[in-house]
Amino acid sequence: MRWILGILVVLASAVAVALLLMFNHGNLAIFWPPYRVDLSINTAVVLLIAIVVLMFLASKAFVQLISLPARVRSHREHRYRERALTAFREATVALAEGRFARAEKQSQLALHLPEQGGAAALVAARACHGLRALDRRDQWIERCAQEFGLKDQAQLLAADCAIQDRDGAAALAALDRLQPRTARQVHALRLRLAALELEQQWQALLPVLSQLERRQMVAASAVAALRMRAWRNLLNQTGTDLAATKSLWRQIGRELAYESPIAESAIEAFRRAADFSTAADIAERVLRKRFSGTVVDQYAGLDALSGREKLHNMEQWLQRWGPEPSLLAALGRVCSEQQLWGKAEAYLRESMAKDDSPGIRLALARLLEQTERSEEATGLYREAAQTQRPPSTSRQAPVINAASSEAR
């Protein structure tokens, strides 16, 4: 329908022009000695319009001819740009799929686009890390920092790769080169946390863990487990230094201090530092709230305490927590130390009836030897050797980092 209207408009215009020219009877004379040309006004107008149109078309053709090299160059750049963008997308997908060789190859093609060169270099470095091509990985990281100006990003990637290689010292060195603003970001803090854990720098780890906990960037269960592990290791590192042990114990929050694993390490630390009263006080506080067989064994092993005091407290725990095998065994050992042979044997036999472990059999066998019942003791020694439990082969869980899962 539109093309029909267009034809009608053109025809109407032609008719209007023809009617207009019918009333024009003038002539135009052009003198070019010795020549003379006579034209009607209508013919002159048509020729003038034709000349203007031809000049306009000629100028456009000339402009197009002059701009041809620039348009060819622009077309090539556009094609290279599209190819580089496609290569970068394919490199990212290949990296996520674990096709590291293809990811590196496509990243090299993506470098044709300058504004995405830094990102392509990061992808290539991550791909080389997946291929274990460490020299090429370091070259890509260096190129990312020096050529493309992404210094902080390169250091973060270097730290992440070092953590995956279990090299905490290299990771910390890379993180220390970050700008202060970048170092406070969540990803950098997660990497620092993992590096400090690898290096077992527990004192420096606790503030970083608190920052991530305030931002709610770490699961609560993981925070509790890591904080407990840090305090336990710090307590184990105090040695026989009583002042250091007391100072560290004061730093632990009261709601966390008497949790069984930390309390166990604290009891052992105070025992090494010869502060048996504090060790006993910690054990008593723990056993008021919950039962712990390890704490009971530690309390029973505090030789500096009087036997009567230990027996009194442990018998109270027996009434509170019931006949737990570890508590009965500890009572048997304490009674044996006090030469209460009858009570010691009764406690040990009751404990063995509930938990027939080789350790309890050995304790009972030693008791029988002390009471000159060698034949029965020999039988218990033989049974303990036959029922010796094999050591448990627990598979160590791999350590997983915050920042590293993102690239693969």
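A nonpolar core is a set of buried Ala, Val, Leu, Ile, Met, Phe, Trp, Tyr and Cys residues joined through side-chain atoms within 4.5 Å. The legends below refer to a predicted model.

**View 1. The largest nonpolar core and its residue M314.** The largest nonpolar core of the model comprises 73 residues. Within this core, W249, I282 and M314 have the most contacts. Residues up to four places away in sequence being left aside, M314 touches V296, Y299 and A300, and also L327, A330, L331 and V334. Another core, of 16 residues, lies apart from the largest one; A120, A121, A124 and I141 are among its members. In soluble globular proteins, nonpolar side chains tend to be buried together.

**View 2. Helix α4 and its covering.** Helix α4 is formed by residues 100-110. Its buried residues are F100, A103, E104, Q106, S107 and A110. The elements that cover these buried residues include α3 (68-97), α5 and α6 (134-146).

**View 3. Residue Q108 of helix α4.** Q108 has its place in helix α4. With a relative accessibility of 41%, Q108 counts as partly exposed, because this class lies between the limits of under 20% for buried and over 50% for exposed. Between Q108 and A120 there are 12 residues in sequence, as a separation of positions, and 7.3 Å in space from C-alpha to C-alpha. A120 is also among the residues of the 16-residue core.

**View 4. The packing of helices α5 and α7.** Helix α5 spans residues 117-130 and helix α7 spans residues 151-164. Their axes come within 11 Å and cross at roughly 10°. The two helices are therefore roughly parallel to each other, since angles under 35 degrees are classed in this way. On the side of α5, the contact is made by L122, A125, R126 and H129; on the side of α7, by Q153, A154, L157, D160, C161 and Q164. By class, 5 of the contact residues are nonpolar, 3 are polar and 2 are charged.

View 5. The protein chain contains 22 helices and 2 strands. Its C-alpha trace spans about 155 × 50 × 45 Å along the principal axes. The radius of gyration of the chain is 45 Å, whereas a compact globule of 408 residues would have one near 22 Å. Of the 408 residues, 36% count as buried. Among contacts in the chain with a separation of 6 or more, 53% are between residues 24 or more positions apart.

Technical notes: Residues numbered from 1 in each chain as written. Predicted model: local features only at pLDDT ≥ 70, side-chain atom pairs only at ≥ 80, totals over all residues. Heavy atoms only, no water. Axes fitted to C-alpha atoms, helices over the stretch in contact; angles between N-to-C directions. Helix = DSSP H or I, 4+ residues; strand = E, 2+ residues; numbered from the N terminus. Parallel < 35°, antiparallel > 145°, perpendicular 65-115°, else oblique. Contact = heavy atoms within 4.5 Å. Nonpolar A, V, L, I, M, F, W, Y, C, P; charged D, E, K, R; others polar. Buried < 20%, exposed > 50% of the residue type's maximum accessible area, 1.4 Å probe, protein only. Rg over C-alpha atoms; globule rule 2.2 N^0.38 Å.
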